[in-house]
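I opened the notebook to look up the salt bridges in this protein. My entries follow the structure.

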Amino acid sequence: DHAIGITGAAALIAATGSVVLDLPSAFAGRASLLVDRHIVLASRDQLLPDLAAFYHGLSQRVETGKRAPNQVCITGCSRTADIEKMLVVPAHGPRQVKVVLSDDPIDWTVLRRGAASLH
């Protein structure tokens, strides 16, 4: 399977190289979990030094309606070595996670219109 999922980021965490995603529903997680490659679009202003900085700004995100009911912190491909002591990557989820970082904020309205015109 070579499915590609594209999502936006709620934040990028520099200390761990993690991506925080807002998931408005369980179905929304499919684009980051049930694909072979996950591409994350983010802007430089979403880059935070650590999770503490993200949590510190969380109440403001709630007040302004910019927080979804579910959030996921992704720190790379899953892996396990439990079965027969052989490393398996990924154990579940995407084989690759790539972040595309923009100098400007991501305008999802324009991106959706562009994608719709391809069909």
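Which residues are linked in a network of salt bridges? I looked them up and found Asp36, Arg37 and Arg95. I kept in mind that the model is predicted.

**Entry: confidence.** I checked the pLDDT before going on. The protein averages 82, and 87% of the residues score at least 70. Among the elements, strand β5 (residues 47-48) has the highest mean, 96. Helix α4 (residues 108-117) has the lowest, 64. Where pLDDT is low, the coordinates should not be read in detail.

Entry: I counted three salt bridges in the structure. I took aspartate 36 to begin with. Its bridge to arginine 37 has the closest N and O atoms 3.6 Å apart. Its bridge to arginine 95 is also listed at 3.6 Å, N to O. Aspartate 36 sits in the loop between α1 (30-33) and β4 (37-43), and arginine 95 in the loop between β6 (70-74) and β7 (96-102), so this pair ties together parts 59 residues apart in sequence.

I then looked up accessibility. Aspartate 36 is buried, at 14% relative accessible area. Arginine 37 is partly exposed at 30%. Arginine 95 is partly exposed at 47%.

**Entry: the remaining bridge.** I found aspartate 103 paired with arginine 44, at 2.4 Å from N to O. This pair links distant parts of the chain, 59 residues apart. Aspartate 103 lies in the loop between β7 and α4, arginine 44 in the loop between β4 and β5. Is aspartate 103 buried or exposed? I noted it as exposed, with 59% relative accessible area. Arginine 44 counts as partly exposed, at 49%.

Note on methods: Residues numbered from 1 in each chain as written. Predicted model: local features only at pLDDT ≥ 70, side-chain atom pairs only at ≥ 80, totals over all residues. Heavy atoms only, no water. pLDDT = per-residue confidence, 0-100. Helix = DSSP H or I, 4+ residues; strand = E, 2+ residues; numbered from the N terminus. Salt bridge = Lys/Arg side-chain N within 4 Å of Asp/Glu carboxyl O. Buried < 20%, exposed > 50% of the residue type's maximum accessible area, 1.4 Å probe, protein only.
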